[in-house]
Amino acid sequence: QVQLAESGGGLVQAGGSLRLSCAASRRTFETYAMGWFRQAPGQEREFVAATSWSGGNTYYADSVKGRFTISRDNAKNTAYLQMNSLKPEDTAVYYCAVQPAPQSAYVATTRYAYDYWGQGTQVTVSS
């Protein structure tokens, strides 16, 4: 089992930046693809970004492409989401999760393929 803990959320003005971190409890994190998702009040949890287990491949939702960057440091068991040019519609609770398929060549963009979710971190973007 992998435990995940997000941090780095907060309140920022539109156009600003935040960097989210996702710290994993186990070394096996480095063999799993991982993703970032978000959920706004009254809405379903949606895909934001994902990275392969090596970090060599990354995927983004169209709504964040060009503004957000996902990365990972397997030596630190940590993944990141750099968010630039934030918009009010980015306001949500952000979650990280791992895809529990070791060294999988497939990186899912649907939340149903992910397990071991963190508790989430609130991101609020004011206009």
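**From one pair of residues to the whole chain**

Ala50 stands opposite Tyr59, a residue of strand E6. Strands here are DSSP runs (E, at least two residues), and helices are runs of H or I with at least four residues, both numbered from the N terminus. This is a predicted model, in which local features need pLDDT of at least 70 and side-chain atom pairs count only at pLDDT 80 or more, while totals for chains, interfaces and linings use all residues. Residues are numbered from 1 along each chain as its sequence is written, and side-chain values use heavy atoms, with hydrogens and water left out.

E5 and E6 pair in the antiparallel sense over three bridges, where pairing requires that DSSP finds at least two bridges between two strands. These strands form a hairpin with six residues between them, and within this hairpin Gly55 takes a positive phi near 85 degrees. On its other pairing, E5 runs antiparallel to E4, and five bridges join these strands; Met34, for instance, has Thr51 in E5 as its bridge partner. E4 and E5 also form a hairpin with six residues between them, and Gly42 in the turn has a positive phi of about 80 degrees. How much of E5 is buried? Five of its six residues are buried, so E5 is largely enclosed by the rest of the structure; buried means under 20% relative accessible area, exposed means over 50%, and partly exposed lies in between, with a 1.4 Å probe and protein chains only.

These pairings belong to an open sheet of six strands with mixed pairing, in the order E2-E10-E9-E4-E5-E6. Strand E2 (10-13) and strand E6 (58-60) stand at the edges, and each has a single partner strand, so one side of each is left without a neighbour in the sheet. Leaving aside neighbours within four places in sequence, Gln13 is in contact with Val125 and Ser126, where contact means heavy atoms within 4.5 Å.

Not counting residues up to four places away in sequence, Met83 touches residues including Leu18, Leu20, Phe68, Tyr94 and Val123.

Taken as a whole, the chain has zero helices and 10 strands. The radius of gyration, taken over C-alpha atoms, is compared with a globule rule of 2.2 Å times the number of residues to the power 0.38. For this chain the radius of gyration is 13 Å, close to the 14 Å that the rule gives for 127 residues, so the chain is as compact as a globular protein of that length. Buried residues make up 45% of the 127 residues.
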